[in-house]
Amino acid sequence: MFQEIAHPLIANELGILRQKDCPPHLFRQSVRRVAALMTPYLCDKFATCDVTVFTPLETITAQRLQKPVMLVPILRAGLGFLDGFLDVIPQATVAHIGLKRNEQTLLPHTYYSNLPESLGDYEIILLDPMLATGGSAIEAVKQLQESGAKSIRFACLVAAPEGVEIFSQAWPEVPIYAASLDRCLNEHGYILPGLGDAGDRLFGT
Ligand code: PRP
Ligand code: URA
């Protein structure tokens, strides 16, 4: 399942992010706003359960999320995406996966992984602003599944059709949510029109 989240506020932020001279501090703030705007769409199927709540006036049955939420940013650029999700789900656990794409082969190399046990208990949202060839996201889902994850959603800012197709073939049970489905990849594996190198633009490197 692929969903492009069409919302005027997200479209407005994409207009800011796509400008090549948007400086890192404004880029980071805009990515954070998009992430916060996307969160309700990613969570709209989360199960809730009844809880008894004592209001100042009465006792009522209210709702709470049935399962805890885990956010998994793919380093580095996923870090820039994390804060907006935490703004809306502050109680979420955060686990990190460090991947770096080889610039020649475009294949991901894992340099860090810190996944807790009992991943099966969580609603997991995997975070990376860029879905390009799909290699990094496919590898991250593999690691999550090997650690017992059962419910995974993938959130990205910009997706290339090539990456969406290959990811959906590899992990048909993992829905993808994107702020934009872009046109294609260029010969260097960069998304067009895209954002450029998201990690560099977030961190000013
Ligand atoms: C970028 C991006 C994704 C990956 C996407 O990270 O943040 O993780 O490339 O490309 P793919 O879909 O072709 O795998 P990069 O590997 O450049 O690392 P960085 O975040 O440290 O810059
Ligand atoms: N990684 C990025 O940061 N940007 C792209 O366009 C592709 C991969």
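**Backbone, ligand and pocket**

Trainee: In which loop is Ser 118 found?
Mentor: This is a predicted model, in which local features need pLDDT of at least 70 and side-chain atom pairs pLDDT 80 or more, while totals for chains, interfaces and linings use all residues. Residues are numbered from 1 along each chain as written, chains are lettered from A and ligands numbered from 1 in written order, and side-chain values use heavy atoms, without hydrogens or water. With helices (H or I, at least four residues) and strands (E, at least two) taken as DSSP runs numbered from the N terminus, Ser 118 belongs to the loop between β7 and β8 (123–127).

Trainee: What is the phi of Ser 118?
Mentor: Most residues other than glycine have a negative phi. Leu 106, in the loop between β6 and β7 (108–114), has a positive phi near 65 degrees. Ser 118, also not a glycine, has a positive phi of about 60 degrees.

Trainee: Which residue is joined to Pro 193 by a cis peptide bond?
Mentor: Most peptide bonds are trans. In this model, the bond from Leu 75 to Arg 76 is cis, with omega near -5 degrees, and Arg 76 is in the loop between β4 and α3 (77–88). Pro 193 is in the loop between β13 (191–192) and α6; with omega about -5 degrees, its cis partner is Leu 192.

Trainee: How much of ligand 1 does the protein bury?
Mentor: Among the polar contacts (N or O pairs within 3.5 Å), a ligand oxygen lies 3.1 Å from a polar backbone atom of Ala 77, and another pair sets a ligand oxygen 3.4 Å from a polar side-chain atom of Lys 100. The side chain of Asp 128 has an N or O atom 2.5 Å from an oxygen of ligand 1. Of the 500 Å² that ligand 1 exposes alone (Shrake-Rupley, 1.4 Å probe), the protein buries 94%.

Trainee: Which element gives the most residues to the shell around ligand 1?
Mentor: The shell (heavy atoms within 4 Å) holds 15 residues, with Arg 76, Arg 101, Asp 128, Thr 133 and Ser 136 closest. Elements giving two or more residues are β6 (96–101), β9 (130–131) and α4 (135–146). With three residues, the one that gives the most is β6.

Trainee: Where does ligand 1 sit?
Mentor: A molecule sits in a pocket if more than half of its atoms lie within 2 Å of the pocket's grid points. A pocket is an open set of points on a 1 Å grid where a 1.4 Å probe fits, with protein on both sides within 12 Å along at least five of seven lines, and lining residues have an atom within 4 Å of a point. Lys 100, Arg 101, Met 130, Tyr 190 and Asp 197 lie nearest the centre among the 29 lining residues of the largest pocket. Ligand 1 sits in that largest pocket.

Methods: Polar contact = N/O pair within 3.5 Å; in protein donor to acceptor, adjacent residues only side chain to side chain.
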